[in-house]
Amino acid sequence: MTQDKNKKALWAVLSVLIAAATLWTVTSQNRCFSFSAFWSYLQGTAKGWLLTAVACSCGFIFFEAAALRSACRPFGHSKTLGKGITYSAADIYFSAITPSATGGQPVCAYFMIKDGIPGTLAAAVLLANLTMYTLAILVVGILVFFFYGNVFLSFGMVAKILILVGYLVQLALVGFFLLLLKNERTLHSICSAALRFLCRIRLLRREEEKQKKLDKLMKEYGESVGILKGRKKMLVKIFFLNLLQRISIISVTVFVFLSAGGNVSQAARLWAIQSYVVIGSNSTPIPGAMGVSDYLMLKGFEMIMSPEHAANLQMLSRSLSFYFCIIFCGIWILGSYLIRKGREKL
């Protein structure tokens with residue numbers, strides 16, 4: 001457990017360094033950016049549109065919280081909105097500071113288990129939500145390719161490759177997740193093979209005992225998945241909540257653009273550009289896709305505005321959609337953890 005905490009702390013430090021390097025690159029290496037111009041840009045924004053952008057950033061957290069609460073409800077675990085936000089914040093924060101977003105679900109599961117949700121149920125719920133989250137990205141991708149395929153063609157070759165690879169990775173992931181949900185025996189086989197391997201290299205002992213424990217856990221997991229598969233309306237609801245989550249975070253850029261006096265007629269095209277940014281950066285094995293996301297944003301925004309405006313829009317929208325979001329989530333998680341520890345001591 002201590003080693004796991006040290007790894008998370010290490011990735012948190014590395015994430016801060018990557019974020020600092022990304023900000024330095026955008027601010028110092030981009031000749032079209034200056035802090036004085038950015039400050040003037042910020043002062044000139046319409047606060048109503050800017051507050052709407054902040055609300056959309058918060059929606060990214062809220063809609064995942066609602067999805068996780070909806071997934072837990074059929075099992076008799078009707079958690080409060082506050083607990084739902086804790087699960088969502090844990091997922092978002094630790095996904096943002098770990099490579100390929102690998103840390104989000106385990107920490108989210110930790111908080112769910114602490115609230116009395118069985119570990120196998122937490123795993124099934126998180127897998128179902130992750131499947132719908134990935135499927136929502138694919139649906140957004142299909143829609144923007146269909147209606148704004150010309151936007152994709154306007155990107156440079158490097159950006160096009162990132163977007164195509166991102167979409168193909170998401171397609172492969174959703175297929176794999178659906179396989180695990182529809183046939184839990186596949187997951188059982190994977191876990192059994194991993195267990196045998198760990199025992200052979202002597203990282204684990206008493207293979208037979210652990211195999212029996214795994215069989216019991218997988219039986220419980222299968223029962224949870226079976227209930228989830230029987231609740232098709234609930235799964236549809238989770239999908240639409242995840243779709244709203246994607247729409248919400250993509251819309252941050254559009255409302256920042258409008259707050260700075262952007263033309264409403266360009267809003268839909270900008271939304272499509274930001275959708276491609278999400279697709280192209282979502283599968284990048286870098287914490288928070290930092291660097292890649294910023295690159296795609298700058299290249300995309302320059303299609304419809306000057307490089308100076310593109311740099312300012314990128315900085316402000318990224319600050320709200322990513323940095324504000326993870327800072328809020330980090331504070332919320334810390335507060336939840338301290339409150340929980342305080343209650344345990346009473």
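Predicted model: local features only at pLDDT ≥ 70, side-chain atom pairs only at ≥ 80, totals over all residues.
User: Why are H4 and H5 called roughly antiparallel to each other?

Analyst: Helix H4 (residues 81–96) and helix H5 (residues 104–114) pack at about 155°, their axes 7 Å apart. Axes are lines fitted to C-alpha atoms over the stretch in contact, with angles from 0 to 180 degrees between N-to-C directions. The angle is therefore in the roughly antiparallel class.

User: Which residues of H4 and H5 meet?

Analyst: Thr86, Tyr87, Ala90, Asp91, Phe94 and Ser95 of H4 meet Gly104, Gln105, Val107, Cys108, Phe111 and Met112 of H5, where contact means heavy atoms within 4.5 Å. These divide into 7 nonpolar, 4 polar and 1 charged (nonpolar: Ala, Val, Leu, Ile, Met, Phe, Trp, Tyr, Cys, Pro; charged: Asp, Glu, Lys, Arg; polar: the others, Gly among them).

User: What makes H12 roughly antiparallel to H13?

Analyst: The axes of helix H12 (residues 267–282) and helix H13 (residues 292–301) come within 9 Å and cross at roughly 155°. That angle makes H12 roughly antiparallel to H13. Their crossing is right-handed. Leu270, Ile273, Gln274, Val277, Gly280 and Ser281 of H12 touch Val292, Ser293, Leu296, Met297, Gly300 and Phe301 of H13. This contact has 7 nonpolar, 5 polar and no charged residues.

User: Why is Val139 called partly exposed?

Analyst: Its relative accessible area is 24%; buried means under 20%, exposed over 50%, partly exposed in between (1.4 Å probe, protein chains only). Val139 therefore falls in the middle class. Val139 belongs to helix H6 (residues 119–147), and its C-alpha atom is 8.3 Å from that of Leu243, 104 residues away along the chain.

User: How many helices and strands are there in the protein?

Analyst: The protein has 14 helices and 0 strands, counted as DSSP runs numbered from the N terminus (helices H or I, at least four residues; strands E, at least two). Buried residues make up 49% of its 346 residues. Among contacts with a separation of 6 or more, 76% join residues 24 or more positions apart.

Technical notes:
Residues numbered from 1 in each chain as written. Heavy atoms only, no water. Parallel < 35°, antiparallel > 145°, perpendicular 65-115°, else oblique. Left-handed = near helix turned anticlockwise from the far one by under 90°.
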